[in-house]
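Please look over the sequence and the model below before reading on.

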Amino acid sequence: MGLTLTEKILRAHLVDGEPIKGQEIGIRIDQTLTQDATGTMAYLEFEAMGVPRVRTERSVAYIDHNTLQNGFENADDHRFIGSVAKKHGIHFSRPGNGICHQVHLERYGIPGKTLIGSDSHTPTGGGIGMIAIGAGGLDVAVAMGGGAYYITYPQVVKVNLTGKLSPWVAAKDVILEVLRRLSVKGGVGKVIEYCGEGVKTLSVPERATITNMGAELGATTSIFPSDEITKQFLEAQGRGEVWSEQSADPDAVYDEVVDINLSELVPLAACPHSPDNVKSCEEIGKLKIDQVCIGSCTNSSLLDMMKVAHILKGKTVHPDVSLSIAPGSKQVLNMMADMGLLSIMIAAGARILESACGPCIGMGQSPNSGGISLRTFNRNFLGRSGTKDGQIYLVSPELAAISAVTGYLTDPREIGEMPEFVLPEKFTVNDNMIALPASEDEAADVEILRGPNIKPYPETAPLEASIEAPVSLKVEDNITTDHIMPAGAKILPLRSNIPAISQHCFTVCDEAFPTRAKELGKSIIVGGSNYGQGSSREHAALAPLYLGIKAVLVKSFARIHRANLVNAGILPLTFVNEADYDAISQGDVLELADIRAKVEAGETQFTVLNKTTGKEIPVLCELTGRTKDIMLAGGLLDYTRENLK
């Protein structure tokens with residue numbers, strides 16, 4: 001029986017466990033990436049491990065999130081990350097060089113390699129045949145120190161692509177169709193592997209758009225084969241020597257198959273407030289819009305910009321619409337200028353933003369009150385744009401560009417004939433905004449530069465013998481990391497200061513939560529299904545840790561957030577019977593008696609006693625041998641300190 005591409009790469013990197021679906025495995029990590037919103041904490045954690053130099057083949061620190069420097073905090077964090085990178089053997093992509101996933105695809109990604117990044121959209125690298133996975137910062141720090149990365153050996157879903165996209169139907173429409181079919185929970189515990197004759201019709205940037213937004217499925221990652229098209233892309237980047245063919249065996253067996261005929265797809269949009277709330281242009285109708293934002297790690301490639309410029313050429317942005325465009329990297333921006341694309345956009349009235357994440361993570365460009373904004377981004381969670389009642393639709397660059405001209409949501413097929421867009425044989429390569437690390441001999445003389453906003457990792461403690469604590473917060477289904485730990489220009493600068501950022505924890509749901517939790521001293525959070533979906537930000541676990549949260553009891557967890565809770569030493573509990581969710585109210589006192597002894601004994605089902613009502617509630621806490629030891633130690637940092645020496 002043949003192997004899938006996913007299985008081939010995972011087995012080639014296996015260092016712990018057996019390749020049995022549903023069981024935990026440890027894999028060797030070849031590359032890591034961080035971005036500045038999560039990077040400062042990741043490097044503080046790396047320092048705490050006492051490892052002098054990274055042990056990966058390549059680690060890269062990117063500055064792309066916190067680039068709106070309206071105070072000293074972001075600039076201090078960037079300086080800190082740059083000095084850590086120089087000292088510990090990490091490449092440093094400076095502010096302005098571009099979005100981590102776009103730059104990594106261009107300059108560092110290698111087919112067949114493993115990559116983890118402290119950003120949930122790291123699976124972008126699957127567009128060139130990597131196993132690229134989003135993870136918490138502490139997991140990335142461990143990998144940089146030479147430790148394995150642990151995941152559940154996944155089921156593999158084959159998305160069989162046939163046909164070819166019709167003119168003005170985009171790669172974005174492919175992933176929106178997958179989301180429409182599978183939902184934001186449909187990829188949990190799975191890898192999405194794209195196969196079939198239709199793959200050959202998609203360029204690397206188009207493949208990367210699809211794998212990037214696979215994060216919204218809850219999937220471990222997504223991957224395309226590495227073929228001649230991949231080779232051409234890498235050769236155009238001057239990196240042809242790193243190419244290798246990567247593909248599934250012809251007789252590979254998949255756990256699930258989804259068939260998509262590319263020829264049948266139509267322009268789609270994800271409607272507020274979820275990436276899987278997908279409808280066609282025809283279903284939505286002639287919707288008047290206020291804003292269009294083009295960019296993000298999903299849709300900021302040169303190919304995207306070529307299409308946008310073609311649509312905008314000789315036209316003017318509608319007077320009722322604000323159009324902003326953010327190229328994904330300095331390379332893309334340089335080539336846009338050389339090719340005349342930039343002048344076309346400027347002439348049309350577009351506002352050109354720097355090559356960074358920007359409005360995708362709430363850094364500026366918030367829409368007006370109740371404003372309807374079309375965005376080529378990957379998430380449209382409530383309030384993520386910075387405007388609480390903003391109505392955010394996720395669309396392709398083609399749909400976004402023509403709509404910016406007409407003033408309403410417009411099917412791009414109305415434009416007329418589509419020319420053939422061909423990527424250049426050679427990209428303009430200039431890595432002068434990537435600072436190389438000091439040599440091992442020079443590293444001892446490099447000073448780590450710390451600003452006053454950088455605070456240490458929150459205090460942890462071994463798992464208590466028993467836990468008795470009130471419920472400080474009860475929330476509904478599909479709570480995102482943006483609910484737990486909001487992003488945006490006001491809060492992102494505090495990512496290196498857990499005491500300060502914790503004051504914003506869950507304020508989207510309950511403004512009084514941080515004060516209440518701190519006053520209680522220790523407490524428990526109760527939630528619904530798919531708790532913690534969205535970003536990889538470990539701050540959504542570290543802020544609750546600082547506020548005294550000892551356990552989180554929910555119907556189900558999103559993968560990365562559950563791992564981050566374990567890493568922080570917070571018990572992740574799930575209801576055996578989801579109906580018991582209704583048997584707990586905020587303020588109820590819950591007891592987990594003899595919890596430490598039960599975890600030590602390897603028990604996975606416990607009883608939670610609601611001392612307020614007297615009801616006994618069965619719960620699951622499925623911890624493997626390794627995660628059990630992490631929980632007993634009080635978190636991954638304490639567990640790792642000794643194991644890496």
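A residue counts as buried when its relative accessible area is under 20%, as exposed when that area is over 50%, and as partly exposed in between. N368 has a relative accessible area of 39%, so it is partly exposed. The model is a predicted one, and the values in this text are computed from it. N368 sits in the loop that runs between β17 (351-352) and β18 (372-375). Apart from neighbours within four places in sequence, N368 is in contact with D290 and T387. S120 is 248 residues away from N368 along the chain, and their C-alpha atoms are separated by 28 Å.

The loop between β17 and β18 also holds Q365. Is Q365 buried or exposed? Its relative accessible area is 18%, and because the limit for buried is under 20%, Q365 counts as buried. The backbone of Q365 has a positive phi of about 60 degrees, although Q365 is not a glycine. Most residues other than glycine have a negative phi, and most peptide bonds are trans. Another positive value is found at S183, a residue other than glycine, with phi near 80 degrees. S183 belongs to the loop between α6 (171-182) and β10 (190-195). With a relative accessible area of 24%, S183 is partly exposed.

A further backbone feature concerns a peptide bond. P272 and H273 are joined by a cis peptide bond, with omega about 0 degrees. H273 is placed in the loop between β13 (268-270) and β14 (278-280).

Now turn to the chain as a whole. How many helices and strands does the protein chain have? There are 22 helices and 27 strands. The radius of gyration is 24 Å, close to the 26 Å that the globule rule gives for 645 residues, so the chain is as compact as a globular protein of that length. Along the principal axes, the C-alpha atoms fill a box of roughly 70 × 60 × 60 Å. Of the 645 residues, 62% are buried. The accessible surface comes to about 22300 Å², and carbon and sulfur atoms account for 48% of that surface. Among contacts between residues at least 6 apart in sequence, 77% join residues at least 24 apart.

T4 lies in the segment before α1 (5-12), and T6 is in helix α1. T4 is buried, with a relative accessible area of 0%, and T6 is buried too, at 1%. Leaving out residues up to four places away in sequence, T4 touches V156, E193, A248, A252, V253 and Y254.

V554 is buried, at 0% relative accessibility. Beyond its neighbours within four places in sequence, V554 is in contact with G527, G528, Y531, L573, T574 and F575. D580 is 26 residues from V554 in sequence, and the two are 10.0 Å apart in space, C-alpha to C-alpha.

Helix α4 (residues 100-107) is mostly covered, and eight of its eight residues are buried. These buried residues are C100, H101, Q102, V103, H104, L105, E106 and R107. What covers the buried residues of α4? The cover includes the strands β3 (31-35), β4 (58-62) and β6 (114-117), along with the helices α7 (204-212), α8 (228-236) and α11 (330-339).

The last stop is the largest pocket, which holds about 1000 Å³ of space. Its lining has 37 residues, and those nearest its centre are T152, V188, R559, R562 and E622. By class, the lining has 15 nonpolar, 12 polar and 10 charged residues. β8 (149-152), α19 (559-568), β24 (571-575) and α21 (625-633) each supply at least two residues of the lining. Which of these elements gives the most to the lining? That is α19, with five residues.

Definitions and conventions: Residues are numbered from 1 along each chain as its sequence is written. This is a predicted model: local features need pLDDT of at least 70, side-chain atom pairs count only at pLDDT 80 or more; totals for chains, interfaces and linings use all residues. Side-chain values use heavy atoms; hydrogens and water are left out. On a 1 Å grid over the protein atoms alone, a cavity is a set of points where a 1.4 Å probe fits but cannot get out, and a pocket is an open set with protein on both sides within 12 Å along at least five of seven lines; lining residues have an atom within 4 Å of a point. Grid points are joined across faces, edges and corners, and a volume is the space filled by probe spheres set on the points. Helices (H or I, at least four residues) and strands (E, at least two) are DSSP runs, numbered from the N terminus. Ala, Val, Leu, Ile, Met, Phe, Trp, Tyr, Cys and Pro count as nonpolar, Asp, Glu, Lys and Arg as charged, and the others, Gly among them, as polar. Buried means under 20% relative accessible area, exposed over 50%, partly exposed in between (1.4 Å probe, protein chains only). Contact means heavy atoms within 4.5 Å. The radius of gyration is taken over C-alpha atoms; the globule rule is 2.2 Å times the number of residues to the power 0.38. Accessible areas come from the Shrake-Rupley method with a 1.4 Å probe; for residues, only the protein chains shown count as cover.
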